[in-house]
Amino acid sequence: MSKKKIAFICVHNSCRSQIAEALGRHLASDVFESYSAGTETKPQINQDAVRIMKELHGIDMEAEGQHSKLINDIPDPDIAISMGCNVGCPFIGRPFDDNWGIEDPTGKSDEKFKIVIEQIRNEALYFLKKLWKFIKALFLKDTLKTLNICNKRRFGISLSSGEKS
């Protein structure tokens, strides 16, 4: 099964969505591909976000190549998550799968940034947990299907019904 592409979306793609992309890559790169984008760009990622992510998690978003991107600059996502829209969400050509409703900390204190980073981290971990449950359920379903086929061929019985065919 190929990894799902997850897009974290904000209007400017300079703060919350960049944080989510970085945390997604560090927490779950073995499960999904993380991207971030916006409907507008900024010349650089929010420098407070860069500094505090480095301080809290040792993640240097700029050194890892992150930069402000438009939605057309990333692959089509399997899952699109809005970071929070306040007045209105940007149009990305498809509906959002989730809206995390996280306040933009731009221009606020370091403490507010730390709270927002922790909220994004918690949302990402919760999302990862839900995705793992989904993947395990698919795996178990495929495994049972395969076992049923083998049992029908070998013994003429099905695991799902327990009856001989």
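Modeller: Helix 2 has A49, V50, I52 and M53 as its buried residues. Please keep in mind that this is a predicted model.

Colleague: Which residue's side chain reaches the backbone nitrogen of D48 at the start of helix 2?

Modeller: Helix 2 covers residues 47–57, and the contact in question is at its start, where a side-chain oxygen comes to within 2.9 Å of the backbone nitrogen of D48. The residue that supplies this oxygen is N46.

Colleague: How many residues apart are R51 and D48, whose side chains meet in a salt bridge?

Modeller: The nitrogen-to-oxygen distance between the side chains of R51 and D48 is 3.1 Å, and a salt bridge is counted within 4 Å, so this pair qualifies. Both residues belong to helix 2, where about one turn of the helix lies between them, and their separation is 3 residues.

Colleague: Is D48 buried, partly exposed or exposed?

Modeller: Buried would require a relative accessible area under 20%, and exposed would require over 50%. The relative accessible area of D48 is 27%, so D48 is partly exposed.

Colleague: What is the distance between the closest N and O atoms in the salt bridge of K114 with E55?

Modeller: K114 lies in helix 3 and E55 in helix 2, so this pair also ties together parts that are 59 residues apart in sequence. K114 is partly exposed, with a relative accessible area of 25%, and E55 counts as partly exposed at 48% relative accessibility. The distance between their closest N and O atoms is 3.2 Å.

Colleague: Which residues are linked in a network of salt bridges?

Modeller: In general, side chains of opposite charge can pair when their charged atoms come close. In this model, the count of salt bridges comes to 10. The residues linked in a network are E21, R25 and K69.

Colleague: Which residue follows helix 2?

Modeller: The residue that follows helix 2 has a positive phi, near 70 degrees, and this residue is G58.

Terms used. Residues are numbered from 1 along each chain as its sequence is written. This is a predicted model: local features need pLDDT of at least 70, side-chain atom pairs count only at pLDDT 80 or more; totals for chains, interfaces and linings use all residues. Side-chain values use heavy atoms; hydrogens and water are left out. Helices (H or I, at least four residues) and strands (E, at least two) are DSSP runs, numbered from the N terminus. Buried means under 20% relative accessible area, exposed over 50%, partly exposed in between (1.4 Å probe, protein chains only). A polar contact is a pair of N or O atoms within 3.5 Å; within protein, one must be able to donate a hydrogen and the other to accept it, and residues adjacent in sequence count only if both atoms are side-chain atoms.
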